[in-house]
Structure formats: C-alpha cells, structure tokens
Amino acid sequence: MALATKGSKGESFLAVVVGGGAAFGLIVITSRAWKACNVDVAGSVPNGLTLLFLGLPLALIVNLALFTIVFRYAGKAFLFSLIAAAIAITIADLALFSWQGTPATAPGSCPGNVPPWWPTWIPS
C-alpha cells in the first residue's frame, strides 16, 4: 500500500485516525467510569472540562507518538505494523485508564473507583 508508506502523509493520516479514535474511546470510557462511581476529580471544575482540556490532549499525544514509533519500526509489512501499533496503543490506553480513569485519591462510591461494569479480567 503506497499511500501509507513509512514517513508519508498516509502514515500521518493513519496515526490521527487510529490514535485519535483510541483517545476518544479512552475519554468516553473514563467519563462513564467517573459517572458510574460518582468520582469528582477536580472539585469546582466539572469532570467533562477536565477530560476535554487535560485528558484528551494527554491521550492524543501518547497515542500519536506511540503509533508513529511502533508503525515505523515494527517491520516492513503494512498489516503487521498496523496491528503492532494498535496493540501498543491498546496497552498504553489501558495503562492510562488504570492510572487516571480509576483515581485512588478522588472520592467515589465504587471500591477502588472501578465501575461495576468493568470486566474483572482486565486489570485496573
């Protein structure tokens, strides 16, 4: 696929689509978890603004940088590089969710601020 060769505009487009989509998904899951557990992370600032101005840029930076690094250095095969980058982003987003999506210092109604709908087989 010549459009998404390493270092091209196609690679940048894929990074934005995959990384941006994963970042948006992380923000949605974090928002749902905070609502389910009644977590108040910022006091007087609503949680939505906290996620929009702090969470989304952090997730975007991590996902875009990670996609670019893994996609470029994973190998020559396009599909292998794409799958490797998607797996790396998934692991990083789960780590970000565990770190900020279930904050231990913020008061909430769920044990450990982990919502009841979160699968037990995924660590948080």
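## Where two helices meet

Which residues in H2 meet which residues in H3? From H2 come Leu58, Ala59, Val62, Asn63, Leu66, Phe67, Val70 and Phe71, and they meet Phe78, Ser81, Leu82, Ala84, Ala85, Ala88, Ile89, Ala92, Asp93, Leu96 and Trp99 in H3. Here, contact means heavy atoms within 4.5 Å. The residues of this contact divide into 16 nonpolar, two polar and one charged. In that count, Ala, Val, Leu, Ile, Met, Phe, Trp, Tyr, Cys and Pro are nonpolar, Asp, Glu, Lys and Arg are charged, and the others, Gly among them, are polar.

The axes of H2 and H3 lie 9 Å apart, and the two helices pack at an angle of about 150°. Axes are lines fitted to C-alpha atoms, for helices over the stretch in contact, with angles from 0 to 180 degrees between N-to-C directions. H2 and H3 are therefore roughly antiparallel to each other (angles over 145 degrees count this way).

## About the model

This is a predicted model, in which local features need pLDDT of at least 70 and side-chain atom pairs count only at pLDDT 80 or more, while totals for chains, interfaces and linings use all residues. Residues are numbered from 1 along each chain as its sequence is written, and side-chain values use heavy atoms, leaving out hydrogens and water.

## The whole protein

The protein has three helices and zero strands, running α-α-α from the N terminus on. Helices (H or I, at least four residues) and strands (E, at least two) are DSSP runs, numbered from the N terminus. The C-alpha trace spans about 50 × 30 × 20 Å along its principal axes.

Of the 124 residues, 33% are buried. Buried means under 20% relative accessible area, exposed over 50%, and partly exposed in between (1.4 Å probe, protein chains only).

Start with asparagine 47 in helix H2, which covers residues 47–73. Asparagine 47 counts as buried because its relative accessibility is 18%. Not counting residues up to four places away in sequence, asparagine 47 touches Trp34, Val39, Asp40, Val41 and Ala42.

Now look at asparagine 38, in the loop between helix H1 (9–36) and H2. With 57% relative accessibility, asparagine 38 counts as exposed. Asparagine 113, in the segment after helix H3 (78–101), is buried, with a relative accessible area of 4%. Most residues other than glycine have a negative phi. Yet phi is near 55°, a positive value, in asparagine 38 and also near 55° in asparagine 113.

Terms used. Angles under 35 degrees count as roughly parallel, over 145 as roughly antiparallel, 65 to 115 as roughly perpendicular and the rest as oblique.
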